[in-house]
Each structure stands twice: as structure tokens, then as C-alpha cells.
Amino acid sequence: MAIRQLSETLINQIAAGEVIERPASAAKELIENALDAGATRIEIATAGGGKALLRVSDNGSGMDAADLELAVRRHCTSKISQTLEDIRTLGFRGEALPSIGSVARLSIASRRRDSTGGHEIAVTGGKIAHMRPAAANPGTIVEVRDLFFATPARLKFLKTEKAEAGAITEIVKRMAIAFPAVRFVLSGSDRTTLEFPATGDDHLARMAQVLGKEFRDNAIALDAEREEISLTGFAGVPTFNRGNSAHQYAFVNGRPVQDKLILSAIRGAYAETIPSGRYPVAVLSVTLDPALVDVNVHPAKSDVRFRDPGLVRGLIVGAVREALARDGSRAATTGASDMLRSFRPGFQPNSQPPQGGWSAETSPSRPFQPTTGFGERPQASFDGLSMPTARAEPQFSPQPAAPEPNARYPLGAARAQIHANYIVAQTEDGLVIVDQHAAHERLVFEAMRKALHSKRLASQVLLIPEIVDIPEEDCDRLMQHAAELSELGLAIERFGPGAIAVRETPAMLGEVDAHGLIRQLADEIAEWDTASGLSAKLEYVAATMACHGSVRSGRRLRPEEMNALLREMEVTPGSGQCNHGRPTYIELKLSDIERLFGRS
């Protein structure tokens, strides 16, 4: 078969398959162009999930007729000149507009600020129409209609209009977080209008707009630097978590990315603090020399490649863990809200559906009356219940030293123990309920973790060394970390060009599958240039031992024991959640209690 040159239109359509995967991809490229043009106001309108219509308007620098004509041709860009070593803009490939024009009906109207009139150009299925004058405000309006009409096979792979509209919303949220000084408006016939007013330099205010106002109250600031790589942003306290990873945002030199290294680092930083199946909320921004990161890995520019991935991962894990140790022990503010919602004024045990139809007096949906839930008639239903197991005590004092009369403690003074498991403490402005087993489990685990990292771990010498056959390059990587592994109780030696001899294993792990462990470590080092997997296994064992060695539920504690537990929690990192990620205490402010009784 003879080789022939493809047509320009077909070349553009092939390129569009990589750059424009769905309407959200087109929205991302157009918003990036607007931001690179210096826009401070960007409006996005959609219809049919972006398939029928996608319009992006901005007040940026705009383009003249000559720029417009080049903008719709491949590999024409104003953002780079001769090298990819110093990319400081979001776009640089010069492929987005011609790719969109090859598979959709594209029109661009633009006007420079210093020009008296604008111009418009259209591209339909790869065919460029003649330039024409147009009335336009300073800036640019890009309109995309009938996306993928020229490649109908692609339409079959798109999701529902609602799903595609949601993907565009997610793109706008990521851009909004990255650029708080820009006002974003997202509207259309397929959605409710979403607006993010500009917040200037207040990044946390913009994050609160996107992630909810609760994030502001449950976020810990990050600010770390290592070898000219800086990390800023905010990490949510462990008890403020979500059911998926959609609330984790990462940025590299201001560019929104979905990089697996960063997401893995976030997961590692929150290890042993988040319940299984739950995900932390975090916004991380990595800043480094553009020459140290490759953003040209994929045409979509959502993946990056770091020159030293181990350094970046270590910086993220270390910074987040330090922040959690410093300020991550506090309970999430949403815990009190959940507790308040669990109270139902007028609760009737074993209540039956009302007889005789609906009435305003008996309806569970009736308006709340302050006297309804706590009056004599509703409370009479509790007469038959057993007495609570709480013990009311006078002012407790921690042992062995008695506190000053006016001493103040974050977790307050113990007042009672309920059902031999929950400690109720009075604070200066509310009360705290502590799960004694979960709290003590965390304290024991932190003590064991500290011992793990303070000295070489005890090892078990193998009578006959285990010989593990692995590729030579994996052997080289493992031997580079031999000293680090030895500190964790794993002694290895080179045994020929393609084998490792395992002579000692960590005693804490008991009987070890040496072959599986070595291969897992080799894979991890190849991926991340770190051997943290063994340390994680040891910490998992420590967590299990702590769970079985802590104060059990059902044990009655003396007042001094309860207060000693509270004082130790206040000085222990991560004491706000147990080893399984569940909260160890919930704080209820006095104002919240007053709301329950209708006093506020």
C-alpha cells in the first residue's frame, strides 16, 4: 500500500482526539487562553452539557485581525519562542483552537483594547471562513457549537448531558481556585448559574467559595520549602473528610493538574488518620523552577513529570504530616452540626403513625416550638426508661499535679463517664465528649510510632537467608536504600547480578513473605524512589497492637484517670482521630447547646 500525505483537516481531527476528549476539555483550553490573555472576568455559558453550545467570554488583551487568522492554525502561539525549558503560561502548544475547529463549528470575535473595532473568524469542520469586521467589546468571545459534529463516532463515547455539564463545572472550580483574583461566572440552560466573585490575594476565601464555608474552619495552612521547591496551600483536618477524592486539588506553578504522584503523596500523608473509604480535603500548590518539571507530557497538559519526584513527594508528605501534628488534632466543626441534627425535639419512643389522618399538632414536620421538645408532656415519655449510667463529680483535677484554680485546658475538665465508654468534659465555652477507647488507642500508637523512629528496630535473623531473584536494575535500586532498610530491621545483601539475599527481617512483622516484600519494595522504589512501604507495614502492625493494648470500652475510669487522658490528648499529635480515622472526640459549643433549647 502506498504512503500518502494526510490532509490538513484529517491531521487536525487526529490531533483533536488527544486534545479535545469531551466538552470539558474544550472548556479547559478556552479558559486557559483567557487567563493567559490577562482576563480578570471570565464568563462561561453552556447548553446540552457543552455539546450544543460552549461560549467563553473574557476581558483580556484581545487579538487583532492578523492574530485571529494565525490563532486557528496549528502550532501558532504567542506563548513560547524557541524552548520548552521555561514555560510560564497555561497554554503553549498552539493546538486547541484548530483542534476544536476541526470537529465543531467555531467562531471567535475579538478586539484589542487600543482598537476601535473588532474582527471575527469562523471555522467549520476544519474549513476556515474569511475574516470579517465585528462589533465587540475589548477582549475575546469564543463560541463552540455542535461539538464533534464532524466526527460523529466520538459523540457515542460522551456521557449524559448532566455528566458532561458536571465535568465542565469541575474544570471551572479548579481554575477558580488557582486564580482567586479572577471573577468566574458559569451559566446556561443546562445548569444553575454559578458565580465566584474575585477575592484578590485571599486564596482561602476563594477555596471557601468552591469547597464550602466549612473548609475555612477546618483547614490548616501549609508553607514549606525544600531545595528551592516550595509548597503552599491548605489541608483539611483528618476528621473533615469526604467520600471521594474530588475535593483534592493540586497545582504546579499555578497550573491545575491531576498528577498521580501528588495524589499518592496526599494519601500517604493522611495514612492512619482517615477511615477506609474516606478521603481528605486538600488544596496544594507546588512552585518550582519550570526547568525542573515537564508539562509537555500529554497534549491535555493535566499530567506533569518532575525531574526529582522523590523530593516532591517527600516535601508534600512531610509538610502535611507536620501540619497535622501541629494543628490536626482538633475536631472538625461539622461534628457538632451532625450532633445537633441527631437531636429531634419532641421525640417519642416507639411512636406509631397518627390515627385519624394528619393534624398540625401531631405532624413530625410541624414548626419547631422551643417548649415542644422539652415540656412536661413530651418528657413524660422518658419516665419508663432506665436511669443513665453517668457519674456526676465535682471539679476534677489531673494527677499528679493539681491545676491552678483558673487554669484553662482545650479539652476541659472531666465531669462524667457515660456508659463506661464516653467521657464528658466541660470546657471554658462548651463541652467535649471523648471516646475513651479511640483516644487511648491513638495515644498508644503515637508512643509506639515514636519508638519506631528513635532507634534501630529489633530484627529476626533467618537461619537460612532467603534468596530473591529480581531484575538487576531493581537490585541496584534496593541496595541504594540498604542502610535505610537496615534501620527498619530488614538486612539485605547483593547475591549475584540479579538476586538479593535477605538475612534479617523486622521482628514486629513475625513470619514474613520475604519474596513478596522485596518485590513490593523494588516496585515502590522504581515508582517513587523511596522505600516507605516497609515503614508503613510496621506502622500498621503498631496500629493493630495499639488497638488491642488500649483502654477497652466498658471500663470505668476514676476522675484522675479521665483527666490524665484529656491532658495527654492535648499534647499528642493526631489525637483528634483514632488509628482507623474515626474522631476521638466531639466538641459542642455553649451556643450550640443554647440553640437546642431555643435560647439563641
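Leaving aside neighbours within four places in sequence, Ile262 is in contact with Ala250, Val252, Val257, Leu284, Phe306 and Ile316. The model is predicted. Ile262 is also one of the residues with the most contacts inside the largest nonpolar core.

**Nonpolar cores**
- The largest nonpolar core has 91 residues, and Ile42, Phe184 and Phe215 join Ile262 as those with the most contacts inside it.
- Helix α10, residues 309-327, gives the most to this core, contributing nine residues.
- Another core lies apart from it and has 16 residues, including Ile470, Leu517, Ala522 and Ile525.

**An open sheet**
- Four strands, in the order β19-β20-β21-β25, form an open sheet with antiparallel pairing.
- At the edges are β19 (413-418) and β25 (585-589), each of which pairs on one side only.
- From one strand to the next, the twist averages 20 degrees.
- β19 and β20 (residues 422-427) run antiparallel and are joined by five bridges.
- Within this pair, Ala416 stands opposite Val424 in β20.
- Helix α18 (residues 559-571) packs on the sheet and touches β19, β20, β21 (430-435) and β25.
- The direction of α18 makes about 120 degrees with that of β19.

**The protein overall**
- The secondary structure comes to 19 helices and 25 strands.
- Of the 600 residues of the protein, 45% count as buried.
- Among contacts with a separation of 6 or more, 70% are between residues 24 or more positions apart.
- The protein exposes about 30800 Å², of which carbon and sulfur atoms supply 52%.

How values were computed:
Residues numbered from 1 in each chain as written. Predicted model: local features only at pLDDT ≥ 70, side-chain atom pairs only at ≥ 80, totals over all residues. Heavy atoms only, no water. Helix = DSSP H or I, 4+ residues; strand = E, 2+ residues; numbered from the N terminus. Buried < 20%, exposed > 50% of the residue type's maximum accessible area, 1.4 Å probe, protein only. Contact = heavy atoms within 4.5 Å. Areas by Shrake-Rupley, 256 points an atom, 1.4 Å probe, with all protein chains shown as cover. Core = buried A, V, L, I, M, F, W, Y, C linked by side-chain atoms within 4.5 Å. Pairing = 2+ DSSP bridges. Axes fitted to C-alpha atoms, helices over the stretch in contact; angles between N-to-C directions.
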